[in-house]
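Here are my notes on the model, point by point. Have the structure open while you go through them.

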Amino acid sequence: MKNFRFKHIIWDWNGTMLDDVFLCCDIMNNILHRRNRQPITLSHYRDIFTFPVREYYKNVGLPLDNGNFEKLSVEFIDEYESRKNYCNLYPGVKETLEYFSSLGISQSVLSAYSQHTLVEIIEHFGLSRYFQRINGLDNIYAAGKIDNGRKWIKELGLKKGEVLLIGDSVHDYEVAEEIGAASVLISAGHQAETKLIKVTQNVYPSMNSFLLELQNLKNY
Ligand SMILES: [Mg+2]
């Protein structure tokens, strides 16, 4: 592959590789139902989901004071953990991982999901062998991943522009900018395309469309 300038790929997990968007919206609706509140639509969910997740809960209109945020986080993650195995990988994810791997390009995961469960679910899907490192958070509050990103890029020891980050959120774009990586966003995940194209032109509707572009070597 002559024109591919990247030496390492950093992947986001939720909404980029794992299709858990419907599940996350459904769990929120159960939380709202228990509080006698109106449900949100999937489309609205993709408009208001953001990082830090605390801000998303605020957007939903849930009170977060007096330990409510921590309680909501536990409530959310308990249901998520019991249902996550019903989620699938997005079409084209395995093929894209395999594609980079066949080119000898190393790959890793940088996620705001907690480390232990992240490692477990990646193993569940048989993808561990693709990753040099799996970087999650040490808690369930999904505040963001800039700090872990900074640490990881330092360890990788690669130059600016040698790393490509693949994600599904504005936060992924911000992390990439912060650590000097290029980025590609897939708009099939937790945030609507209308939000993503406000920060970057590198937005693809699906993993398969990105893979096709890679194979055609148009921009990479
Ligand atoms: Mg994501």
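1. Where is Ser 183 found? Ser 183 sits in strand 7, which covers residues 182-186. (Strands here are DSSP runs of E with at least two residues, helices are runs of H or I with at least four residues, and both are numbered from the N terminus.) At 6% relative accessibility, Ser 183 counts as buried; the cut-offs are under 20% relative accessible area for buried, over 50% for exposed and partly exposed in between, with a 1.4 Å probe and protein chains only.

2. Before going further, a word on the ground rules. This is a predicted model, where local features need pLDDT of at least 70 and side-chain atom pairs count only at pLDDT 80 or more, while totals for chains, interfaces and linings use all residues. Residues are numbered from 1 along each chain as its sequence is written, and side-chain values use heavy atoms, with hydrogens and water left out.

3. Back to Ser 183: leaving aside residues up to four places away in sequence, Ser 183 touches Leu 164, Leu 165, Tyr 173, Ala 176 and Asn 202. (Contact means heavy atoms within 4.5 Å.) Tyr 173 belongs to helix 8. With that same exclusion of residues up to four places away, the contacts of Tyr 173 are Ser 183, Leu 185, Val 199 and Thr 200. Tyr 173 and Val 184 are eleven residues apart in sequence, and their C-alpha atoms are 7.7 Å apart.

4. Now the metal. Which residues coordinate the magnesium ion? They are Asp 12 (OD), Asn 14 (O) and Asp 168 (OD), at 2.1 to 2.2 Å. Along the chain, these donors follow the spacing D-x1-N-x153-D. Asn 14, in the loop between strand 1 (8-11) and strand 2 (18-19), and Asp 168, in the loop between strand 6 (163-167) and helix 8 (170-179), are 154 residues apart, and the pair links distant parts of the chain. Both Asn 14 and Asp 168 are buried. Bear in mind that donors are N, O and S atoms within 2.8 Å of the metal (3.2 Å for Na, K and Ca), and that water is not among the atoms, so sites may look incomplete.

5. Next, a helix pair. The axes of helix 5 (residues 93-102) and helix 10 (residues 207-216) come within 9 Å and cross at roughly 30°. (Axes are lines fitted to C-alpha atoms, for helices over the stretch in contact, and angles run from 0 to 180 degrees between N-to-C directions.) Helix 5 and helix 10 are therefore roughly parallel, a label for angles under 35 degrees, with over 145 as roughly antiparallel, 65 to 115 as roughly perpendicular and the rest as oblique. Residues in the contact include Tyr 99 and Phe 100 of helix 5, and Phe 210 and Leu 214 of helix 10.

6. Last, some backbone spots to check. Most residues other than glycine have a negative phi, and most peptide bonds are trans. Asn 36 is not a glycine, yet has a positive phi of about 55°; at 75% relative accessibility, Asn 36 counts as exposed. Asn 66 has a positive phi of about 50° and is exposed at 71% relative accessibility. A cis peptide bond joins Phe 51 and Pro 52, with omega about -5°.
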